[in-house]
Amino acid sequence: MEVKTSLLDNMIGVGDMVLLEPLNEDSFIMNLRNRFDHNEIYTYIGSVVISMNPYRSLPIYTPQKVEEYRNRNFYELSPHIYALADEAYRSLRDQDKDQCILITGESGAGKTEASKLVMSYVAAVCGKGQEVNKVKEQLLQSNPVLEAFGNAKTMRNDNSSRFGKYMDIEFDFKGDPLGGVISNYLLEKSRVCKQPRGERNFHIFYQLLSGASDDTLMKLKLDRDFSKYNYLSLDSANVNGLDDAASFRTVRNAMQIVGFMEAEVQSVLELVAAVLKLGNIEFKPESRVNGFDESRVKDKNDLKEMCELLGIEQSVLERAFSYRTVEAKMEKMSTTLNVAQAYYARDALAKNLYSRLFSWLVTRINESIKAQAKTRHKVMGVLDIYGFEIFEEGDNSFEQFIINYCNEKLQQIFIELTLREEQEEYIREDIEWTNIEYFNNAVICDLIENNQNGILAMLDEECLRPGTVTDDTFLDKLNTICAEHQHFESRLNKNSKFLTDHSLPHSCFRIQHYAGKVLYRVEGFVDKNNDLLYRDLSQAMYKATHSLMRQLFPEGNPAKVNLKRPPTAGFQFKASVGVLMKNLQTKNPNYIRCIKPNDKKVAHIFTDSLVCHQVRYLGLVENVRVRRAGYAFRQPYESCLERYKMLCKKTWPHWRGPARDGVEVLLTDCSVPTEEFAYGRSKIFIRNPRTLFTLEERRRACLEDLATLIQKIYRGWKSRTHFLLLKKSQVVVAAWYRRYAQQNKYQKIKSATLVMQSFIRGWKARNILRQLKYEKRCKEAVTTIAAYWHGTQVRREYRKFFRANAGKKIYDFTIQRIMQKYFLGLKTTTMSPMDNSWPAKPYGFLEGAHTQLRRIFHLWRCKKYRGQFTEEKKAVYEEKLEASEIFKDKKALYPSSVSQPFKGDYLEIQKNPKYQKLNSAMEEKVLLADLVNKINRANGKGSPRLFLLTKSNFVLADQKTGQVKASVPLPDLASVSVSTQSDGFFALKLKEGSASASKGDFLLSSEHLIEIITKLHRIGTTAADRDQINIDISDEFLVQFKQDKVCVKFIQGGPKNGNSAACKRKNNRLLEVSVPSP
C-alpha cells in the first residue's frame, strides 16, 4: 500500500499562509523565519510559491526529488518549486491550457535560479529521444549565454540579471518540447560605461579577458590586465566564488550547443573587444578660429585598433567624434563637438553597440531554438524580471522608475488573474461568489502610462518639443499637471502640504506605489529617455565591413535616411510591457515570489526588517487576504475523506458509497458548524483555518489511538507467533536428536561387522595368493626355457638364408629410400615461371633424370601459367615477346622498357575533349596515341606532335590545335631506323616514288620508342597485303629530307641540358645526337 504524505503532515510552522492564524504582518514574518531556520525555504499562498534564497546548496533538487514530485497533487507533498512546475506542466499537457510562470523579487532574491529550476524540472519530466534531448539541451544552454552578456555583480547579488527575460517554451501534443522564443526587456546598458562602487560591468568582459587563449586575445588586440580598460571597475574585478575563466569556457560550449557558428562567435567577441577599446578613447580640446573648442582624440592607438576590429576607416570615426551633422527638411548643417559632447557620443555609441549586440544574441538564439513544426503548439511562459526597486537616499532614477512601472502592471494583472481564478473555481464548484475588497492599483498605472497626462507621455513630450529641454523643465511640467493626483508628491507642486516636507528634495518627486512610497531623482530622466545616438556615428558604423554592423545599425544606411526621431526608451518599454501583459492574460498564471533573507549574501541569517520590506512591496499579506476572503481551504472529496475518515466510525476503515456522502457524514459526526464549510461539485470548501486545524488536531489524536491499537495487536501477534515458533522448533529438535542417536548405534554395529569380515577375507586371500604365486613361478620357468630353445633353432636356420639374399635386399631398400628422399625434396619448388631455382642432384647416377625432370616441370608450369591469361593479356605478352625478338641485346633502351606495360593510348584521345575533333576525324581505331618530337633538320630542335597509329596509316598532328600535319599510309613505309643507344630517336623511311615521300622521311623522338616500333612491326607482320617493315638498328643511318640526304650519327657523351639525348646540326649533311653515357 502506498503511503501518502500531505502538506499538513510534519509541518514546520504553516506550509500554506492561507491557513495562518492569526493573519498579520508579524505572524507572516515569524512563520517565514521559523521555516527558514529549519531549511524550509518554500511556502505556499494557495497556488503561489514564496521562495527564500538560502545562499547555499540544499539537497532538495536531486533526481529522487524530481521523481517524488512527478505527477503528484499540488498539496500532496511539502511546499516545493517542483510542485508548482509539475502542476503547470501537467495542466499544459493534459488539459491543453497554456501556462505562464511569473517569477518576481528584488535583485539577489534568486529569480534566475528559480527559472533554471523550473526549466530543469520540465526538461527532466518531459519525453525522451534524440531530437527532444537536443531541444531541451539548447533551451537550457541558452541561459549561460544570456547570463554572460546580461548579468553583472552588484552590491546585492553576485549574478544579478540586468535585463528582464520572458521565455515561451513550446510543446507538442505529447508534452515534448519543440523549441522556444525569448523576449528581453530593458537591458541596463548604462552599466557598460559606468558602474557604482563595489559593482562590476557585465560578466562577459571579465570572462573574455580571464578565459580566452593568448592567441584569441592577440587577434582581438586585448590584454589580460583589467586595469588597462576604463569601462571595467577595478575594486570588484575579482569576485569570490566566480571563476571567470571556467565561465568563459562554459559560455563558448553553450554557444556551440545552441547553434552559433565559429565565425559568429568570433564576430561577437570582436564587438565585445571593440566596446572595451571604445572606453579607452580619450579627447582633448583644440581651439578654433571662431573661439569655440573642438574635440580631438588624444591617443589614436586604441581608436586604430577598434577600427581594425570593426573594419572602419579611422578618419570616418574620428570625424564622427568631432562633428555632428544636423538635417532638417532639405538643409544639412555640421557643428563641432566639444570634449564633453565627444565623451557623451563615445558612451552613447558604446551603450548602443552593446545593447544592440545583446538584442542580436537573443534573436540569434531564437532562430536556433524556435519550433520547426508549423502545427499549433502548447506554450509555457517563464517570466524572470526585475522586482520592485527602492534605493535609499533618493538614488532612484529612470531605470528604477521603469522597473517599478513594470511591477505595478504585474501586480495589477496578478490581482486580476488571482480574483478571476477564485471566481472561476467558485462558479465551477457552484459556490456562491462574494465580492472581495482589495486595493486596485490601476490608478497608479494610469498616473504613469496615461497617453494624455501620464508621466511617460509628458516625458516623451518634453524630449520631442523644440527649445531648451532639461530635467527641471520636465519636473515643472509634472508639478503643473499631476499636482492634484493623490499618489504624486512634489515639493514644488501646488499642493501646499509638501512645501515644508524636508524629506522631499526640490529636484525629486515621489510616487505612492502599491508597495510603498518611492522617491525619484529627475536628474538624467530626459537623457536616458532620449537614448540619442548621433546620426554621424550610426552612418560610420554602417560603413564598417564587420559582418554584424549593418544588422545592428540599419538606420545608418545613407540610402534610407529617416529624419524622424527614433522612439524613446520609455515609449518602447511601455509598448513591450503592453505586449507582455496581453500575452500573460491569455495564459494560466503560476507565481513564484522570491525573497532574499539578508543583504550580506550569507546563509543562516534572517533580517526581519529586510524581509518585511519585501513582503510589503510584493503585497504578500494582501494576497493572503484576497485568497482567504471567501474560503481559506479547499480539497477534493476523495482526498478529504481519505485523510479524515478515522474521525468517524461510519467512514472507518472503508466508506462504500460516494466520496461526497462520506464527507457529509464525517462533518456531521464531527459537529462542524454548517456556516464553516460549503459543498462544491468536486471539493469541500472550509471557510476558517481554525476549523481545519481542529480537524487536524482530532486526526492527530485519533492517529495516536490508532497507533496504540496497532501496537497492541502487533505485539500480541508477535508473541503468539514467537510461541508457535518455539513449539515447532522443539518438535523438530527432538525428531532430529532421535534420528541422530539411531544413526550412531547403527554405525557402531556396521563398523564391527566390517572389521570381522575384513579379517576373514584377508586370511582367505592370503592362502589363494600363495597358491597363485607358486603356479606363476612354474609357468614362467617353462616359458623361459622354451624361448631360449626356439631362439637357438631360429638363429641356426637364418644364418643359411642371410648369406644367400641379404645383399640384394639391402641394395633395393637403399635405392628406394634415396629416390623417395629425392622426390620429396622436389616439392619445395615454386610454380613461378621466373623462378630458375632447382634442387641440386644428390647423387651422380641421377644426372640424366634430374635434367629431364627439370625441363618437363618447367614446361608444365609455363603451360599452367599461360592458361591463366585473358585474350588482352595474351596480346600484351605477344607484343612484349616481339619487342624482345627485335631489340634484345641490340638496343640499350630495351631493358628499361621490359617492366613498363604497353598502354597504347597515352593521350586518352577518346576521353579528352581537347582532341574530340581529331578523334572523330580518324576512320579506324587508334592503336597508339603518343606525344613525340619531330626533329627539324635546320637546327636539330624538336617540335611537339601528336603521333597516332592505326592499322592502315600513321598520323602526325599539331599538339595545340589538333590539326593533322601529315597522314602516311603504312604501305608507303619502307623501314624504321634506330640507334643501339638508350635514346628515343627513330627515323620513319618512306618508299621512294610513293605519294607520301615528297616531303621526305620523318626523324622523331619519343619516350615510348620500343612500343611504337613494336606495334609498327606487328602491323606489318599481320597484314597480308603489304611487305614486312624492316627494322634497322645502327648508330649511323641516312634520312631523306626532301631532296637531300642527311646522316644521323649517335655518339656517347654528357649533353649540357641534362640526362636526355640532344640533337645538334653539324653541317648540311650531318646531324649528331649526343646520348648520355650509361
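Mentor: One term before we begin. Helices here are DSSP runs of at least four residues, numbered from the N terminus. Also, keep in mind that this is a predicted model.
Trainee: Fine. Where does proline 22 lie, then?
Mentor: Proline 22 sits in the segment before helix H1, which spans 25-37.
Trainee: And the peptide bond from glutamate 21 to proline 22, cis or trans?
Mentor: Cis. Omega is near -10°.
Trainee: What about the bond from tryptophan 652 to proline 653, cis or trans?
Mentor: That one is cis too, with omega near 0°. Proline 653 lies in the loop between helix H23 (637-644) and helix H24 (659-669).
Trainee: Let's zoom out. How many helices and strands are in the chain?
Mentor: The chain has 30 helices and 31 strands.
Trainee: Is the chain spread out or compact?
Mentor: Spread out, relative to a compact globule.
Trainee: What box do the C-alpha atoms fill?
Mentor: Roughly 145 × 140 × 55 Å, taken along the principal axes.
Trainee: How much of the chain counts as buried?
Mentor: 47% of the 1078 residues. As for surface, the chain exposes about 57900 Å². Carbon and sulfur atoms supply 53% of that area.
Trainee: What share of the contacts comes from residues 24 or more positions apart?
Mentor: 64%, counting contacts with a separation of 6 or more.
Trainee: Charges next. How many positive and negative side chains are there?
Mentor: There are 161 positive and 130 negative ones. The centres of the two sets lie 14 Å apart.
Trainee: Now the inside. Which residues touch the most other members of the largest nonpolar core?
Mentor: Phe28, Phe149 and Leu317. That core holds 210 residues. Helix H12 (residues 339-369) gives the largest share, 14 residues.
Trainee: Which residues is phenylalanine 28 in contact with, leaving aside neighbours within four places in sequence?
Mentor: Met17, Leu20, Ile45 and Ile50 are among them. The list also includes Val615, Leu620, Val621 and Val624.
Trainee: And which residues does the second core include?
Mentor: Phe902, Phe947, Val978 and Leu1016 are in there. That core is separate and has 30 residues.
Trainee: What is histidine 203 in contact with, beyond four places in sequence?
Mentor: Its contacts include Glu147, Ala148, Asn151 and Ala152. Lys153, Asp158, Asn159 and Leu242 are in contact with histidine 203 as well.
Trainee: And histidine 604, buried or exposed?
Mentor: Exposed, with a relative accessible area of 62%. Histidine 604 is in the loop between strand E16 (588-595) and helix H21 (608-618). Check the backbone there: phi is near 70°, a positive value in a residue other than glycine.

Key. Residues are numbered from 1 along each chain as its sequence is written. This is a predicted model: local features need pLDDT of at least 70, side-chain atom pairs count only at pLDDT 80 or more; totals for chains, interfaces and linings use all residues. Side-chain values use heavy atoms; hydrogens and water are left out. A nonpolar core is a set of buried Ala, Val, Leu, Ile, Met, Phe, Trp, Tyr and Cys residues joined through side-chain atoms within 4.5 Å. Buried means under 20% relative accessible area, exposed over 50%, partly exposed in between (1.4 Å probe, protein chains only). Helices (H or I, at least four residues) and strands (E, at least two) are DSSP runs, numbered from the N terminus. Contact means heavy atoms within 4.5 Å. The radius of gyration is taken over C-alpha atoms; the globule rule is 2.2 Å times the number of residues to the power 0.38. Accessible areas come from the Shrake-Rupley method with a 1.4 Å probe; for residues, only the protein chains shown count as cover. Lys and Arg count as positive and Asp and Glu as negative; His and the chain ends are not counted. The place of a charge is taken as NZ of Lys, CZ of Arg, CG of Asp or CD of Glu.
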